[in-house]
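Hi there,

Here is the structure I promised to pass on.

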Amino acid sequence: MIRQFPVEWDPSFATGIPSVDEQHQQLIHILNLLAATVETGPTPKQLLDIVAQLADYTRYHFTEEERLMEAMKYPELEEHRLEHQTFINQIELFDLDAILATEGLASEMLHFLKTWLCDHILGIDQRLGESWRCHQAVLSTDS
Ligand SMILES: [Fe+2]
Ligand SMILES: [Fe+2]
């Protein structure tokens, strides 16, 4: 088993936004699939496919979160969007051939992905969750 994998869903990850929490669970699931794939000594195509799946789902999730922030007129939207964009840029820079050919690089990639995602979910996404819950409370008192 690769160190620190599989990542388990933890209640502290919850933002309270149902769609976001569901997407975060799916992201962690794909990340665990990637770790399991790395462990089997994948072909370049197998590694490429699972990394592409993670990148695609990450893009989808970020777009959904940004749409939500726009709808809420969330003041930290630009700062949050920038974090998302930086992460996507980093994933796009992964050199999968080098990762397959170099001992230790796949674990480094997994460690980077895990750390980034957990820190993001536990940090800036939690702030979004708090704001969303306030937003919902205001909406329910308005109606
Ligand atoms: Fe998120
Ligand atoms: Fe986010």
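Leu33 has 14 other C-beta atoms within 10 Å, so Leu33 is partly exposed. You'll find Leu33 in helix H1. The C-alpha atoms of Leu33 and Pro6 are separated by 8.5 Å, although these two are 27 residues apart along the chain.

Some housekeeping before we go on. This is a predicted model, in which local features need pLDDT of at least 70 and side-chain atom pairs count only at pLDDT 80 or more, while totals for chains, interfaces and linings use all residues. Residues are numbered from 1 along each chain as its sequence is written, and chains are lettered from A and ligands numbered from 1 in the order in which they are written.

Now the overall picture. The protein chain has 6 helices and 0 strands; helices (H or I, at least four residues) and strands (E, at least two) are DSSP runs, numbered from the N terminus. Along its principal axes, the C-alpha trace spans about 60 × 25 × 20 Å. Of the 143 residues in the chain, 17% are buried. If you take the contacts between residues at least 6 apart in sequence, 73% of them join residues at least 24 apart. A contact here means that the C-beta atoms of two residues, placed from the backbone, lie within 7 Å.

H1 has 22 residues and reaches 32 Å from its first C-alpha to its last, close to the 32 Å expected at 1.5 Å a residue (the expected span is 1.5 Å times one less than the number of residues). Its buried residues are Val20, His24, Leu27, Ile28, Leu31, Leu34, Ala35 and Val38. They cover an arc of only 115 degrees around the axis, which puts them on the same side of H1; the arc is that of the directions from the helix axis to the C-beta atoms. On the face turned away from that buried side you'll see the exposed residues Pro18, Ser19, Glu22 and Gln25. What do the buried residues of H1 pack against? They pack against H2, H5 and helix H6 (124-142). After H1 comes Gly41, with a positive phi near 70 degrees.

H5 can be read in a similar way. H5 has 18 residues and reaches 25 Å from its first C-alpha to its last, close to the 26 Å expected. Ala106, Met109, Leu110, Leu113, Lys114, Leu117 and Ile121 are its buried residues. They cover an arc of only 125 degrees around the axis, which puts them on the same side of H5. The opposite face carries the exposed residues Glu108, Thr115 and Asp119.

His24, Leu27, Leu31, Leu34, Ala35 and Val38 in H1 meet Ala106, Leu110, Leu113, Lys114, Leu117 and Ile121 in H5.

Next, the core. The largest nonpolar core has 14 residues, and those with the most contacts inside it are Leu31, Leu34, Ala35, Val38, Leu110, Leu113 and Leu117. Leaving aside neighbours within four places in sequence, Leu34 is in contact with Ile50, Val51, Leu54 and Leu110.

Phe5 and Pro6 are joined by a cis peptide bond, with omega about -5 degrees, and Pro6 lies in the segment before H1. With 8 C-beta neighbours inside 10 Å, Lys73 counts as exposed.

Cheers

Key
Core = buried A, V, L, I, M, F, W, Y, C linked by C-beta atoms within 7 Å. Buried ≥ 20, exposed ≤ 12 C-beta atoms within 10 Å, placed from the backbone.
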